[in-house]
Amino acid sequence: MNDDGTTEGEAIRDFIREAIRADLSAGRHETVVTRFPPEPNGYLHIGHAKSICLNFGIAREFAGRCHLRFDDTNPTKEEQEYIDAIQADVRWLGFDWGTHLYHASDYFERLYAWAERLIGDGKAYVDDLSADEIREYRGTLTEPGRESPFRNRPPEQSLDLFRRMRAGEFPDGARVLRAKIDMASGNINLRDPVLYRILHAHHPRTGDAWCIYPTYDYAHGQSDAIEGITHSLCTLEFEDHRPLYDWLIENLPVPSRPRQYEFSRLNLTHTVLSKRRLVQLVREGHVGGWDDPRMPTISGFRRRGVPAAAIRDFISRLAITKSDSTIEIAMLDHCIREMLNKTAERRMAVLRPLKVVIENYPEGKKEELEAVNHPERPDVGTRRVPFSREIYIEREDFMEDPPKKFFRLAPGREVRLRFAYFITCRDVVKNAAGEVVELRCTYDPETRGGNAPDGRKVKATIHWVDAEKSIPAEVRQYGHLFGRPDPGAGGDYLADIDPQSLETLAGCRLEPSLADAAVGEAVQFERLGYFCADPDTAPGRPVFNRTIGLRDSWAKAAAKG
RNA sequence: UGGGGCGUGGCCAAGCGGUAAGGCAACGGGUUUUGAUCCCGUGAUCCCAGGUUCGAUUCCUGGCGCCCCAGCCA
């Protein structure tokens, strides 16, 4: 099975790929060329991953190519930091644009020349109206717009003005270049859309070479045509722009005629995916940064320990359609767990330690027990875990007065220590406040490795670490950033941030083999979940992030009562 | 009384006139040295109303509902 969910020879079917097959078999194209066109005004998130997987995936399936093109037409919002991060994220996701790295700004000179041509053809004009006036003249959704008084000025005059706009003679907002289409169109995008605006701003790539910049509508389709893009895939909100996209292609001497197709964007429960909101979360410090593990950004997932393959698998299960949809976050969680279950090695770690003294275990005795690294993959081998008279177990694996369905340790009860021995709880030691601070247990030497020669069973197996040899660590447990599936539905989405989405635990104890875990590499802490070392890890000071917890039917049952 | 889309089980989604795939979730049950994994099993007549047809989720008509568009953002 490939990680796009298909098996060898099985073609993915959706309306876009069907259209491509039709174009290919009709001979309209020989090769398929797609492009992923991010605007460098923020970090990539999982919604972008859908577009990336679609565009690069199609290029791969049809033996074509996919370009990475920065849609850098608005210097007031774009930054080099984003340009760099976007490239790193696309690569990390597993895609390669080869030599096809482009920028809309690479085409500024050509776009400008075509704009002059449009003016000469009487198909564009310089408008002196202010932004507010243009809005008034535009009309409303139900009323047609009115023509600007400058609409029919002579082409020579528009041309002169346009050249002076470029020359920097006018301040921001003084004039714009507009296409002359139809002020009465039901499609507002056709009511003489703005093609160029004056922006005295420094551009990350062109510096101060320009003070007029093309709008998205003008730059995008022409960039597609210049690059020979055959299928320009974008999200539904651009559907209304297609007539304009086509109008420009038809009225300009572009080298090719790309076609635009629209599909629905990804929505996910328990998170937000709008650039505006993600920027706000970062700028206002509601999260630690773009790569905060609770962020739905590619860099956030990476830091959290989510493998790129899990993201690709998730995307492959999505359908490319035109219907609005919101995917339950449980779907993503499932893909992460499934991937990690197959790949992550197992280790033991105790997050909330409770000391256990095994009274009949000889003082000073130490031994090492063999533990498998992956129960379903013997080839991954085994490791040795130190064991002695004093160990730590998880606090929540002991209850002094357990309900009937609780199978773990309790006074007088016997359980198995994973890979070690059966132990029985004999005594509970409490502090002055009445809190349990230590357990006194006995072990059965005959059960070494975890099986009783007499065949007796225990109802639970719990994890543990050696008190002396285990290493201290900080563990950050991450949950979904928002407590409700539809953040913002109640008004302010910021109010829906779950204050417990990050729980930092100090004083956790890890089995010694975790001392040299590689940053970002996933491991399963048995019975707890998947974790990986965070970049904040310092020598002798490990910091682990919880990528995702294991499914926990006990917690679910306990919650129900 | 503008234009563009969409409407199949809780969430996605196949289906392209012949009698409703699959995934996730939920709920049962089995296996298990992770209450994990794994394995079984359980649910819809397809927004509504007419019409065409031997037969419609698939075609037609009319409703209803939801989403997007009035940035010199993308």
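Modeller: Let us begin with polar contacts: a polar contact is a pair of N or O atoms within 3.5 Å; within protein, one must be able to donate a hydrogen and the other to accept it, and residues adjacent in sequence count only if both atoms are side-chain atoms. In this structure, a polar backbone atom of Ala-131 is 2.9 Å from a base nitrogen of RNA strand B. With Arg-135, a side-chain N or O atom is 3.2 Å from a phosphate oxygen of RNA strand B.

Biologist: What kind of model is this, and how are residues and chains labelled?

Modeller: This is a predicted model, in which local features need pLDDT of at least 70, side-chain atom pairs count only at pLDDT 80 or more, and totals for chains, interfaces and linings use all residues. Residues are numbered from 1 along each chain as its sequence is written, chains are lettered from A and ligands numbered from 1 in the order in which they are written, and side-chain values use heavy atoms, leaving out hydrogens and water.

Biologist: How many residues surround RNA strand B?

Modeller: A residue is near a strand if one of its heavy atoms lies within 4 Å of it. Here 65 residues surround RNA strand B, and the closest are Arg-346, Arg-408, Arg-418, Gly-449 and Ser-553.

Biologist: How should I read an aromatic pair, and how many does a search of the whole structure find?

Modeller: Rings of Phe, Tyr and Trp (its six-membered ring) pair if their centres lie within 6.5 Å; planes under 30 degrees apart count as stacked, over 60 as edge-to-face and the rest as tilted. The search finds 20 aromatic pairs. One of them joins Tyr-43 and Tyr-82 edge-to-face, at 5.9 Å centre to centre with 85° between the planes.

Biologist: Are Tyr-43 and Tyr-82 buried or exposed?

Modeller: Buried means under 20% relative accessible area, exposed over 50%, partly exposed in between (1.4 Å probe, protein chains only). Both Tyr-43 and Tyr-82 are buried. Tyr-82 also pairs with Trp-290: the ring centres are 6.1 Å apart and the planes at 80°, so this pair is edge-to-face. Trp-290 has 9% relative accessibility and therefore counts as buried.

Biologist: Which residues do ring pairs link into a cluster?

Modeller: The cluster comprises Phe-108, Tyr-112, Phe-162, Tyr-196, Trp-210, Tyr-213 and Tyr-218.
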